[in-house]
Amino acid sequence: MGKIKLNNIRVHSNHGCLKEEMLIGSDYRVDLEIHSDLSKPSASDKLSETVDYVHLNNIVKEEMAVRSNLLEHVAKRIIDRIFLELPSITKAEIAVSKINPPIGGDVESVAVVLGADSPMK
């Protein structure tokens, strides 16, 4: 078993329940960790035998572009799509952080963390 981590994926999107968030948007940070058997690709050096982190990054960027009221919802969509498109992944954890959230006060970010085991395992 092994892990692949994508750290600090930065995107601008329009998630949130406030009208300003929907119109202006906010900056977000996404951290993703997946588990998969990496024994074959670590020996073969073949991209076709591993989890392509470009594919993972594209899933994150595409799902972050679809507006949601809640970070929980977008995080769940990302995890669901990862399991659907990359069946070799056995477990995933994602943190979606809103940078400088409009909550009144000096708060750097707020994050939602979701984890799941593959429904196919």
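Which residue forms a salt bridge with Glu63, and how far apart are the closest N and O atoms? The partner is Arg81, with the closest N and O atoms 3.1 Å apart; a salt bridge here is a side-chain nitrogen of Lys or Arg within 4 Å of a carboxyl oxygen of Asp or Glu. Some notes on the rest follow.

1. Ground rules. This is a predicted model, in which local features need pLDDT of at least 70 and side-chain atom pairs count only at pLDDT 80 or more, while totals for chains, interfaces and linings use all residues. Residues are numbered from 1 along each chain as its sequence is written, and side-chain values use heavy atoms, with hydrogens and water left out.

2. Overall layout. The chain has 4 helices and 4 strands, taken as DSSP runs numbered from the N terminus (helices are H or I, at least four residues; strands are E, at least two). Going along the sequence, the pattern reads β-α-β-α-α-α-β-β. The C-alpha trace spans about 50 × 25 × 20 Å along its principal axes.

3. The 4 strands make an open sheet in the order 1-2-3-4, with antiparallel pairing; two strands count as paired if DSSP finds at least two bridges between them. Strand 1 (2-13) and strand 4 (109-117) are at the edges with a single partner strand each, so one side of each has no neighbour in the sheet. On average, neighbouring strands are turned by 15° against each other, direction ignored. The axes behind such angles are lines fitted to C-alpha atoms, for helices over the stretch in contact, and angles run from 0 to 180 degrees between N-to-C directions.

4. Strands 1 and 2. Strand 2 covers residues 26-36 and pairs with strand 1 in the antiparallel sense over 10 bridges. If you want a spot to look at, Lys5 stands opposite Glu33 in strand 2.

5. Helices on the sheet. Helix 3 (residues 53-64) lies across strand 1, strand 2 and strand 3 (89-99), and runs at about 35° to strand 1. Helix 4 (residues 71-85) also packs on the sheet, where it touches strand 2, strand 3 and strand 4. The direction of helix 4 makes about 150° with that of strand 3. Contact, here and below, means heavy atoms within 4.5 Å.

6. Back to the opening pair. Glu63 forms its salt bridge with Arg81, and since Glu63 lies in helix 3 and Arg81 in helix 4, the pair ties together parts that are 18 residues apart in sequence. Glu63 is buried at 13% relative accessibility, and Arg81 is buried at 17%. The cut-offs are under 20% relative accessible area for buried, over 50% for exposed, and partly exposed in between (1.4 Å probe, protein chains only). The pair also belongs to a salt-bridge network that links Glu62, Glu63, Arg77, Arg81 and Glu85.

7. Other salt bridges. The structure holds 8 of them. One joins Asp80 to Lys76, with the closest N and O atoms 2.7 Å apart. Those two are 4 residues apart in helix 4, which means a separation of about one helical turn. Asp80 is partly exposed at 38%, as is Lys76 at 43%. Another joins Asp31 to Arg29, with the closest N and O atoms 2.8 Å apart; here Asp31 is buried at 17%, whereas Arg29 is partly exposed at 33%.

8. His35. This residue is in strand 2 and is buried, at 16% relative accessibility. Leaving aside residues up to four places away in sequence, His35 touches Met1, Gly2, Lys3, Ser88, Ile89, Thr90 and Lys91.

9. A nonpolar patch. Met22, Leu23 and Ile24 form one on the surface, with about 330 Å² of accessible area together. Patches are made of residues with over 30% relative accessible area and no salt bridge; like charges are joined within 9 Å, nonpolar side chains (Val, Leu, Ile, Met, Phe, Trp, Tyr) within 5 Å. Met22 sits in helix 1 (residues 19-23) and is partly exposed at 33%.

10. Totals. Buried residues make up 40% of the 121 residues in the chain. Of the contacts with a separation of 6 or more, 61% come from residues 24 or more positions apart. The accessible surface comes to about 7,200 Å², and 53% of it belongs to carbon and sulfur atoms; areas come from the Shrake-Rupley method with a 1.4 Å probe, and for residues only the protein chains shown count as cover.
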